[in-house]
Amino acid sequence: MSIRPIKRLIKAKPTREGAGVHLRRAFGFGNTSDFDPFLLLDDFRNDIPDDYLAGFPSHRHRGIETITYVLAGTVEHGDSLGNHGSISPGDIQWMTAGRGIIHQEMPKGDQLGRMHGFQLWANLPSALKMTAPRYQEIKAVEIPEVTDDDGTSARIVCGSFWGKRGPVEGVAADPSYLDVTVPPSKRKKLPVETTRHAFAYVFAGSGKFCNASGPLSVPTEGLGWADTTPPTEADNRSLVLFDRGDEVEVQAGEDGIRFLLVSGKPLEEPVAWYGPIVMNTQEQLRNAFEELKEGTFLKPGG
């Protein structure tokens, strides 16, 4: 078994999206080849209603999938296909935009004014860019959770982990999407397939991931990396991008650590990207915006 070394340790950066929603962006709108097939990760946790209530009014998507995971508050959504609903704490919405959809997402805080959640964008391969749009809306009670003997637990949104499989199916990149909690001061190894790109996003507590101080060589089993030269600590809103290997190792801090652990098979295809539309060539991108001007962006049947 080989521990994945760390390629980069990044702090999510403040930005605004939609009608002025304040959020933190972990990665996106740059060179995302190291994250392929993923394009963007936004952390929209906020406790100030004026900073998020304007929401994300009607906007278009093509060529991607968006994954919204809510921890507190609700997100009400509606779209050009007539779909509408609400995502509550612990729920997931996995939307395949495919050939085109226009939708809106309007966040509402809980009784304490909290609106917490994440949105991840996954690219679609060229063969599925123009597939029909669809939703998979998964309620919290449908997401399996497994707990190991040391108290480490994982909610499995997508993919297989520790003998359980998440409820989201039929996703092009065959990703794994886990919400992992490691108890205080515990050290844990978690399997990740070697062929996948993988990252962790810390959103509670803190910890040390193997080789987080830099792109060091893969350690041997007996190195004792956490006891000799401790890597840089990853805390709230830290993104850890892993290099190759078949497992990741984390040493939880005194308050434990909770993080998203996401991996997927790289598509290794060209990316032509502008705003919420992601295609393979500039010509396809121009065609999409021409269709928006002409009113032909939405195709028959959704």
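1. Leaving out neighbours within four places in sequence, Asp-43 is in contact with Leu-23, Arg-24, Gly-117, Phe-118, Tyr-201 and Arg-237, where contact means heavy atoms within 4.5 Å. Asp-43 belongs to strand E4, residues 38–43. Strands (E, at least two residues) and helices (H or I, at least four) are DSSP runs numbered from the N terminus.

2. On the basis of these values: this is a predicted model, in which local features need pLDDT of at least 70 and side-chain atom pairs count only at pLDDT 80 or more, while totals for chains, interfaces and linings use all residues. Residues are numbered from 1 along each chain as its sequence is written, and side-chain values use heavy atoms, with hydrogens and water left out.

3. Is Asp-43 buried or exposed? Asp-43 is buried, at a relative accessible area of 1%; buried means under 20% relative accessible area, exposed over 50%, and partly exposed in between, using a 1.4 Å probe and protein chains only. The side chain of Asp-43 has a polar contact of 2.6 Å with that of Arg-45 and another of 2.8 Å with that of Tyr-201. A polar contact is a pair of N or O atoms within 3.5 Å; within protein, one must be able to donate a hydrogen and the other to accept it, and residues adjacent in sequence count only if both atoms are side-chain atoms.

4. The salt bridges number 16, each being a side-chain nitrogen of Lys or Arg within 4 Å of a carboxyl oxygen of Asp or Glu. Arg-8 and Asp-34 form one, with the closest N and O atoms 3.0 Å apart. This pair links distant parts of the chain, 26 residues apart: Arg-8 is in strand E1 (residues 6–11), and Asp-34 in the loop between strand E3 (21–27) and E4. Arg-8 is partly exposed at 33%, as is Asp-34 at 23%. Lys-7, Arg-8 and Asp-34 are linked in a network of salt bridges.

5. Two further salt bridges may be checked. Asp-110 pairs with Arg-114 at 2.8 Å between the closest N and O atoms; Asp-110 is partly exposed at 23%, and Arg-114 is partly exposed at 34%. For Glu-193 and Arg-196 the corresponding distance is 3.6 Å. Glu-193 is partly exposed at 46% relative accessibility, whereas Arg-196 is buried at 7%.

6. An open sheet of 4 strands runs in the order E5-E10-E7-E8 with antiparallel pairing; two strands pair if DSSP finds at least two bridges between them. Its edge strands, E5 (56–61) and E8 (84–87), each pair on one side only. Strand E7 (residues 74–79) pairs with E8 over 4 bridges, and Val-75 has Ile-87 in E8 as its bridge partner.
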